[in-house]
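Hi,

Here's the structure I promised to pass along. Have a look at it first, and then read on for what turned up.

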Amino acid sequence: MVFLSTLKKITHRKVYFWLLLAVAISLPTSKALMSIFPFLLLINWLWECRLKEKLKTFAGNPSVWLLPAVFGLYLFGLLWTDSLEWGIHDLKIQIPLLIFPLVIGTSEKLNFRQIKTIILIFTAAVVFASFCSMYVWLGFSGTEVRDVRDISLFISHIRFSLLINIAIFSLLWFVFNPRLNTSRNEKISYLAVVIWLVLFLLILKSFTGIVIFILVSLALAFWFSFRIKHVVLRFSAYVFMLMIPVFIGAYITRSINEFYHTEEFSAEELNEKTQLGNPYNHEKEKHQLEN
């Protein structure tokens with residue numbers, strides 16, 4: 001009986017780990033699979049039993065409640081939704097916010113080697129997705145790209161940019177954390193991937209992703225600046241870091257002003273027909289700047 005119990009535990013642990021790897025691959029590559037694997041994780045979690053022990057662990061770990069609390073906000077927001085049907089649809093999408101903390105937060109902790117494997121597999125999937133995007137962007141697929149954000153083939157460009165940031169800073173953690181004993185060749189490989197992902201993030205032109213990258217980079221630079229012993233160099237680093245958000249703020253302010261201060265046209269200046277002779281349909285009563 002002890003042997004069977006141990007064998008069952010090992011089997012569940014392996015299934016749990018392999019499903020986490022599958023989740024890591026599907027995050028940047030497939031919305032459909034990302035809807036399936038969380039439920040497989042939940043099934044394996046339930047099949048393992050020990051529910052009383054797991055729920056006790058869940059109740060005793062407040063940090064695990066964070067994502068379910070976010071799901072609760074979505075649920076609470078149904079009171080103000082304009083479309084209950086769309087609200088329920090959105091809730092279904094957010095179900096992993098309940099499953100992941102419940103399963104991961106109450107399962108036996110992974111060792112460092114397993115965590116590293118998951119991060120590297122996830123990063124490889126992100127790089128693969130970026131190569132697929134570049135294949136389309138460079139015109140090899142024969143598909144016309146009207147908006148560079150459309151090159152995010154598998155998920156929305158905003159979510160993709162956030163995953164790119166996770167991959168970038170995860171690799172930098174491997175490179176600059178001295179306690180991890182990362183080899184020199186590994187560091188070179190990781191830095192090469194980081195450089196590529198940063199360049200691709202700029203190609204993708206996701207404002208959200210770029211802002212997140214800058215803010216996290218500033219936070220890390222500020223933290224590392226405390227290790228600079230030379231007073232002048234440390235002060236120069238502080239000034240440089242402060243100037244970056246100032247320039248960003250100035251650019252955003254200028255962009256907003258240029259967006260809202262538009263050129264006025266009189267009705268007489270508007271053309272009646274296009275160059276092909278088709279009539280224009282001017283909607284003079286609408287003052288939208290973007291539809």
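Predicted model: local features only at pLDDT ≥ 70, side-chain atom pairs only at ≥ 80, totals over all residues.

Pocket first. The largest one holds about 1500 Å³ of space. Its lining takes in 43 residues, and Val 23, Leu 27, Met 34, Pro 96 and Phe 100 are the ones nearest the centre. By class, that lining splits into 28 nonpolar, 10 polar and 5 charged residues. Several helices supply at least two lining residues each, among them α1 (2–26), α2 (31–47) and α7 (112–137). The top contributor is α6, with 6 residues.

Then there's Gln 94, which sits in the loop between α5 and α6. Is Gln 94 buried or exposed? Its relative accessible area is 11%, under the 20% cut-off, so Gln 94 counts as buried. Beyond its neighbours within four places in sequence, Gln 94 is in contact with Phe 71 and Tyr 74. As for Phe 122, that residue is 28 residues from Gln 94 in sequence and 20 Å away in space, C-alpha to C-alpha.

Last, the largest nonpolar core. Of its 42 residues, Leu 41, Val 126, Phe 160, Ile 164, Leu 197 and Phe 200 touch the most other members. Two or more residues of this core come from each of α1, α2, α6, α7, α8 and α9 (184–204), with α8 giving the largest share at 9 residues. Take Val 126: leaving out neighbours within four places in sequence, its contacts are Pro 28, Phe 160, Leu 163, Ile 164, Ala 167 and Leu 197.

Cheers

How values were computed
Residues numbered from 1 in each chain as written. Heavy atoms only, no water. 1 Å grid on protein atoms, 1.4 Å probe; cavity = no way out; pocket = protein on both sides within 12 Å on 5 of 7 lines; lining within 4 Å. Points joined across faces, edges and corners; volume = space filled by probe spheres on them. Helix = DSSP H or I, 4+ residues; strand = E, 2+ residues; numbered from the N terminus. Nonpolar A, V, L, I, M, F, W, Y, C, P; charged D, E, K, R; others polar. Buried < 20%, exposed > 50% of the residue type's maximum accessible area, 1.4 Å probe, protein only. Contact = heavy atoms within 4.5 Å. Core = buried A, V, L, I, M, F, W, Y, C linked by side-chain atoms within 4.5 Å.
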